[in-house]
Amino acid sequence: MASSSTLRSPVHSELLIKKSRFVGRVEPVQGRDEAQAIVAQLRTEHPGAAHVCWALLAGGESAAVDDGEPGGTAGRPMLEVLRHQQLEGVLATVVRYFGRVKLGADGLVCAYTDAVAQALLGAEKVPREERATLRCAVRYAQEGTVRRELAAYGAELVAADHSQLVTFTLTIARSRAAELAARIDNASQGSAAWLDPQVNP
């Protein structure tokens, strides 16, 4: 399996096709929560846009959203460009201002594909570091402390299950996993329970 890359920083494009304006952006993200926040911000920044379509390539959180365009003409083609470039942990967005001239399904696929591909022409790719998945359980009183440690170390929270204890499932760069686990152990005064023996600090 080929190794994947992410982007060092956001890249942009702008196309004008039959009076419709397509504003493209591709950027590194941690997961779907961050992606959805970016899309919401774009809707605020572009109140006159007809569509804000997006594609997220991030493992099990990947998504392709047409945002009112005919099904399969926007999000999916954008996602395929990201896959073809062997990217991971990347969000592509295209804001469309409708120019009153219909492009047809094939025209839309080409426009959304080109908006992402043009942006990526100026992209600086960086190897994506292998990530480790950790699971730990802590008392409710320690939940806030653990969440702060996760944010400080750039860990991605996959799930938080609230039962007798709070069980966190998270991913983090493998090189930082042991250090984060030690910090959580210290913050919880040694009471954190690690549920996968191979990732114990």
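Which side chains meet in a salt bridge at 3.1 Å, N to O? Select R147 and E143: their side chains form that contact. A salt bridge here is a side-chain nitrogen of Lys or Arg within 4 Å of a carboxyl oxygen of Asp or Glu.

The model is predicted, so local features need pLDDT of at least 70 and side-chain atom pairs count only at pLDDT 80 or more, while totals for chains, interfaces and linings use all residues. Residues are numbered from 1 along each chain as its sequence is written, and side-chain values use heavy atoms, with hydrogens and water left out.

**Stop 1: helix α4**

Stay on R147 and E143. Both lie in helix α4 (residues 143-152), 4 residues apart, which is about one turn of the helix. Helices (H or I, at least four residues) and strands (E, at least two) are DSSP runs, numbered from the N terminus. Colour by accessibility next: R147 is partly exposed, with a relative accessible area of 35%, whereas E143 counts as buried at 15%. The classes are buried under 20% relative accessible area, exposed over 50% and partly exposed in between (1.4 Å probe, protein chains only).

**Stop 2: other salt bridges**

The structure holds 8 salt bridges. Side chains of opposite charge can pair when their charged atoms come close.

Select R8 and E124, whose closest N and O atoms are 2.9 Å apart. This pair links distant parts of the chain, 116 residues apart. R8 sits in the loop between β1 (5-7) and β2 (11-17), and E124 sits in the loop between α3 and β7 (125-127). R8 is exposed, with a relative accessible area of 52%, and E124 is partly exposed, with 45%.

Then select R21 and E14. Their side chains meet in a salt bridge with an N to O distance of 2.6 Å. R21 is partly exposed, at a relative accessible area of 31%.

**Stop 3: the aromatic pair**

How many aromatic pairs does a search of the whole structure find? The search finds 1. Select F22 and Y112: the pair is edge-to-face, with 5.3 Å centre to centre and 85° between the planes. Rings of Phe, Tyr and Trp (its six-membered ring) pair if their centres lie within 6.5 Å; planes under 30 degrees apart count as stacked, over 60 as edge-to-face and the rest as tilted.

F22 is in strand β3 (residues 20-28) and Y112 in helix α3 (residues 104-120). They are 90 residues apart, and the pair links distant parts of the chain. F22 is buried, with a relative accessible area of 0%; Y112 is buried, also with 0%.
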